Amino acid sequence: MIMSCDRPNVLFLMSDQHAARAMSCAGHPDVQTPNLDRLAGRAQRFENAFCQAPVCVAARGSLISGLYPHAHGARLLCDALSDTVRTVAHHFAEGGYQTAAIGRMHFVDESRRHGFQYRVKEDDFRASLSQEDLAILKEAFKDGGGVKGVPVDIAEELWQDDYMVDETIRFLREARDMDRPFLLWSSFLQPHTPLSPMRKYFNLYDPATLVLPERREDALNDGFEGHRIRAKERGWYDQPENDLRRSLAGYYGNVSQMDACVGRVLDALRETGLERETIVVYTSDHGEMAGAHRMWTKHNMYDESVRVPLLVALPGDAAGAAVRSAMVEHVDIYPTLAEFCGLPAPPEIHGRSFATVLRGESVSARESVFAQYDFCHHVFTKDNRYVGKPPIRMIRTGRWKLNHIDWAKNELYDVQADPGEHNNLIDNPNLAGIVADLTRQLRQRQATS
């Protein structure tokens, strides 16, 4: 494909907690995502894209730094990414780009801008609201961050994501007159909990007709015990079917509401005439269990949690649309964008460019993907029994997945024969050689710094 410009802009659209399957373009039987589908119509959609950590802060740190969590250091929800960590924003700014971040970035310490020259924060949205507005929001979301599917009736201007879309559109309109290209990160809160979308999006889904995830009676019995304990403590394991259906309607409504925000940004990109000069990337920080394995949210290594949606549209028309099976990691996005924008990839990062895959010149850039999960305070178990212990580490090939814990029962799944990851094969003596090889690969990844 011929690029329409030598120094393309980059528009990075990001959501929070979007399961890779939860798009109609990915074949989901229920979810409606017309705007992501529209983007997919001129983009390359990666079916095997994975985050580096199934938790917000660590995953986002890897995305912007190109480093694994053990190297960038922001491993827990409470960890602020160090000022000493260089990011894609630093790199592109030094390469002559205007860099901007609008919306939820999960920096923890928002005084640290991590190379983004222009910043619109969640605090800016809250500062735009009156006391009356804040009271309305408090009442509407009084149930907090649970998984109870409940529609809400508040005006669009009181939604954080709509505010961030307005700010993104403002930036794009001003960008037409810039004398340099831009790297713009536009990041949304949804479809993260609470599962409380606007009523019109909740009503897109009839809870009674939704296809339910597989929830076996013996779910979580033959692997790491902590997942079952967590699911039981939070009431997910025995969630009644009617409640599950409403939760799914709430989650899918969140996805559709976020999709509408994506649509507004894509419309503005076209209206400003920037579409043919801009690389568009869509992804999420991690996935969402959405009832699978009798679990919600993330904090585990099931594919529902660590596999992410990834769409990459190069400047130009729909001729580049394709579905790719190549295995890619979040850390790979940074060097890929750098290559397309004429910038050298930093040698110290863990990411590998998959530009050759996007150009159709190779099938894959990786044979396996890596992720780690460090146990976070208060969000895994109530008594924090695992906090401070060594993390869960995952290595996944096209066929095998090993979830390794130094101090607990490990898990091995044949993801080709058992894509639902229901049958833990770690005790099968005939697979000892495979476990040994995967463990070696995992230690090689962990050893990188």
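Predicted model: local features only at pLDDT ≥ 70, side-chain atom pairs only at ≥ 80, totals over all residues.

Reader: Welcome words first, please: why are helix 7 and helix 10 called roughly parallel to each other?

Author: Residues are numbered from 1 along each chain as its sequence is written, and side-chain values use heavy atoms, with hydrogens and water left out. Now the helices: the axes of helix 7 (residues 160-175) and helix 10 cross at roughly 10° and come within 10 Å. Axes are lines fitted to C-alpha atoms, for helices over the stretch in contact, with angles from 0 to 180 degrees between N-to-C directions. Angles under 35 degrees count as roughly parallel, over 145 as roughly antiparallel, 65 to 115 as roughly perpendicular and the rest as oblique. Helix 7 and helix 10 are therefore roughly parallel.

Reader: What makes the contact of helix 7 and helix 10?

Author: Contact means heavy atoms within 4.5 Å. Helix 7 brings Asp161, Asp162, Val165, Asp166, Thr168, Ile169, Leu172 and Arg173, while helix 10 brings Cys261, Arg264, Val265, Ala268, Leu269 and Glu271. By class, the contact has 7 nonpolar, 1 polar and 6 charged residues. Here Ala, Val, Leu, Ile, Met, Phe, Trp, Tyr, Cys and Pro count as nonpolar, Asp, Glu, Lys and Arg as charged, and the others, Gly among them, as polar.

Reader: How many helices and strands are there in the protein?

Author: There are 14 helices and 13 strands. They are DSSP runs numbered from the N terminus: helices are H or I with at least four residues, strands are E with at least two.

Reader: What makes a space a pocket, and what a cavity?

Author: On a 1 Å grid over the protein atoms alone, a cavity is a set of points where a 1.4 Å probe fits but cannot get out; a pocket is an open set with protein on both sides within 12 Å along at least five of seven lines. Lining residues have an atom within 4 Å of a point. Grid points are joined across faces, edges and corners, and a volume is the space filled by probe spheres set on the points. The largest pocket holds about 660 Å³. Its lining has 29 residues, and Arg21, Pro213, Ala292, Glu304 and Arg307 are the closest to its centre. Helix 10 gives the most to this lining, with 3 residues. By class, the lining has 15 nonpolar, 5 polar and 9 charged residues.

Reader: How many cavities of 30 Å³ or more does the count give?

Author: The count comes to 3. The largest cavity has about 50 Å³ of space, and its lining is Val57, Arg60, Gly61, Ile64, Ala74, Leu81, Met105, His106 and Phe107. The second largest cavity has about 40 Å³.

Reader: Which peptide bond involving proline 191 is cis?

Author: The bond from glutamine 190 to proline 191, with omega near 10°. Proline 191 is in strand 5 (residues 182-191). Threonine 193 and proline 194 are also joined by a cis peptide bond, with omega about 10°.
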